[in-house]
Amino acid sequence: MARDPRFDILFEPVTIGPKTARNRFYQVPHCTGMGRGWPRTLAAMRGVKAEGGWAVVNTEYCSIDRTSDDTPYPYARLWDEEDLRANALMVEAVREHGSLAGVELWHGGSSIANLASREPPFDLQSLPARGDPIQSRKLDAQDIRDLRRWHRQAAERAYRAGFDVVYVYATHGYLLHNFLLGPMNDRRDEYGGCLENRARIVAELVEETREATKGECAVAVRFTGSHSPGGFGPEPDEIRDMLAHLGPLADLWDLVCDDYGMEMGHSRFVDEGVHADWLAEARGLVGKPVVSVGRYTTPDAMATLIRRGAVDFIGAARPSIADPFLPNKIEAGEPERIRECIGCNICYAFDTRGAPIRCTQNPTMGEEGRRGWHPERVPARGSDRSILIVGGGPAGLEAACTLGRRGYDVVLAEASNTLGGRAGREARLPGLSTWARVRDYRLEQLTRLSNVETYLESPLDAAAIRDLGHPVVALATGARWRRDGMGRWFHAPVPALEGDEGLYTPDDLMGEGGADILSGGPVAIFDDDQHYMASVLAEMIRKTGRAVTLITTAGRACAWGAHTEEDFRTNARLIELGVEIVPNRAVSAFAGGVVETRCIFTDRAASMAAPNLVLVTSRAPEDGLYHELTAAPDALAEAGIGQVARIGDALAPGLIAHAVHGGHRFAREIDDAVVPILMEAPD
Ligand code: ADP
Ligand code: SF4
């Protein structure tokens, strides 16, 4: 199929200084949870992005010196020749596909604690590190000279590693950014005071980077282009003046806003295209090519943004993670095949857990090198065995699609009258509508897979599965929310919680009746899950006018959402809605409309009146069929069934990302095609 001419504009080459990008698709620097510790895994992932059509592919934040050490978070490094060789792997993988490789040189200032190097952090002021009880020391003139030297040396290594684009990173609250801020920068020398002085370090580093790279690399600046209320950047007028002042110096401007929760906002709170309004003005001020992000997944929105003159490049982190082949799919005239990002920020979450990147929509993300999984190509089937998949949620759908693409004959049986499982159910909750993309991307694939037969309203029991007699059976039967209080806090069912009238689980509330199944009085929600479910239910119920109290064993609502940039806005929204949040307590009993809670520190009891209690604790795998089938191996053999597997939540309840990965893995590894995972040794 040919590309739609409306999208030709996206494929125009763009010149940035001495380099030319072959199109307008630009993967901005984004963390991967791999950094310096996983160079081959990382190179393979970045290479796949280039193969998929991204004309510029960048590293994550790349430290220039030991005084910028973000342990335990995985970050890239260009400290020495060994680091140079590690980065060269990525450069080679990207250039192999005709794309430009970029590196984001970085110094963390007071944000970081230098836990590994034990160098005292330094910054414009002595400030506490983000997560540790250490303060930076106040820098002096020698530190500025050192900073310039390290930056120059790192740029020189970047040049020798083969990078095409080298960044000066002056935003996100890191060291260079803090020079720009009047209230923080109280220097009385040529680096403090007037705007030109505060911006001097950025101007110098741009020039010195250009010299260190012999004028052969494009020099990019990542900079705050817009101020938000409560944001960390300079005031709006100052931003404008700085952009005008520094604009001509750089070859490319990578513009962000000064609220990270907005820039990479969770889709519960932030829509696509969040920067669109201010970019055109900023672009006019710098007079150079501009890139910015906005979680764009459709070519119409992208082409409109370019035509409006807002940007020269469509910047993407998340859309390029969810679909590394997004540009090629548009080019091939198949935008309907794009695997659209759902904005869940699971890709970001595992960086803060120190683990390699993963994605809800794209199970191959991070597995390109270490498992050899390509996002678009799968090996041909290894046998002619037909496969029965029971359950059409994320795990079952992903398995069916991947097996179908491999050429296997597949039967997918779903008990309900619709496919999608929890992705479809949860998509009806407040703020989670993008979850439906997990289902819809796979339904689109099924339309093109004639070897996958789908049966709705087909609940299967063990006898029916044996009667069907497919040699391979995958049970993707999901999980149900527990009704007995067992979870993170209670490791066994809590008899005082079971069975009382007025007790509900998220599954009840996700049914047709929604919040109407509750009685009219106040509602207590026990959140021992600590992710999004309790807070979206609280929002849904509160909007019906009922009083809602969210009782959590954590210190705040949606505590795990700290990893997904979700907790801050969740708590703000619940407070604004009038939901009472009761932290650090467990619900221990419920009877006669009285909810008993206990302090997690002192076990001191308290009670509140509420005729409704919603338990959001943990989920029990729906694995009864698995145990029934495998308990009778002779009957299985007689039915010609040689393999029975559990996949997704039926095996181990988790994130949708876990279920999709589990379904994909099953489909890849069937017929014993298991490839041992390459575990690179992190530093
Ligand atoms: P996962 O996230 O692991 O894919 P879900 O809970 O989202 O799990 O989906 C499980 C799906 O399996 C649901 O759509 C459910 O209706 C279906 N299912 C459960 N048991 C059966 C069964 N015995 N026969 C057919 N479908 C089933
Ligand atoms: Fe998008 Fe979620 Fe994948 Fe991140 S993990 S790229 S937010 S779908």
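1. Where does C558 lie? C558 sits in the loop between β21 (548-552) and α20 (567-577). Helices here (H or I, at least four residues) and strands (E, at least two) are DSSP runs, numbered from the N terminus. Phi of C558 is near 50°, a positive value in a residue other than glycine. C558 counts as buried, at 0% relative accessibility. Buried means under 20% relative accessible area, exposed over 50%, and partly exposed in between (1.4 Å probe, protein chains only).

2. A note on the basis. This is a predicted model, in which local features need pLDDT of at least 70 and side-chain atom pairs count only at pLDDT 80 or more, while totals for chains, interfaces and linings use all residues. Residues are numbered from 1 along each chain as its sequence is written, chains are lettered from A and ligands numbered from 1 in the order in which they are written, and side-chain values use heavy atoms, with hydrogens and water left out.

3. Two further backbone points deserve a look. Most residues other than glycine have a negative phi, and most peptide bonds are trans. D603 has phi near 65°, a positive value in a residue other than glycine. D603 is in the loop between β24 (594-599) and β25 (605-609). At 46% relative accessibility, D603 counts as partly exposed. The peptide bond from T71 to P72 is cis, with omega near 10°. P72 belongs to the loop between β4 (56-63) and β5 (76-77).

4. Helix pair α1 and α2. Helix α1 (residues 39-51) packs on helix α2 (residues 81-95) at an angle of about 20°, with the axes 7 Å apart. That makes α1 roughly parallel to α2. Axes are lines fitted to C-alpha atoms, for helices over the stretch in contact, and angles run from 0 to 180 degrees between N-to-C directions. Angles under 35 degrees count as roughly parallel, over 145 as roughly antiparallel, 65 to 115 as roughly perpendicular and the rest as oblique. The contact (heavy atoms within 4.5 Å) is made by P39, R40, A43, R46, G47 and A50 of α1 and A86, L89, M90, A93 and V94 of α2. These residues divide into 8 nonpolar, 1 polar and 2 charged. Ala, Val, Leu, Ile, Met, Phe, Trp, Tyr, Cys and Pro count as nonpolar, Asp, Glu, Lys and Arg as charged, and the others, Gly among them, as polar.

5. Helix pair α14 and α16. The axes of α14 (residues 394-406) and α16 (residues 436-446) come within 10 Å and cross at roughly 30°. The two helices are therefore roughly parallel to each other. From α14 the contact takes P394, L397, E398, C401 and R405, and from α16 V438, R439, R442, L443, Q445 and L446. By class, the contact of α14 with α16 has 6 nonpolar, 1 polar and 4 charged residues.

6. Ligand 2. The residues around ligand 2 (a heavy atom within 4 Å) are R318, I321, A322, C341, I342, G343, C344, N345, I346, C347, C359 and T360. Elements giving two or more residues to this shell are α11 (318-322) and α13 (346-349). α11 gives the most, with 3 residues. The shell has 8 nonpolar, 3 polar and 1 charged residues.

7. Helix α19 (residues 533-542) is mostly covered, with 9 of its 10 residues buried. Among them are M533, L537 and E539. M184 is buried as well, with a relative accessible area of 14%. M184 lies in the loop between α4 (175-179) and α5 (195-198). M184 and Q125 are 59 residues apart in sequence but 6.7 Å apart in space, C-alpha to C-alpha.
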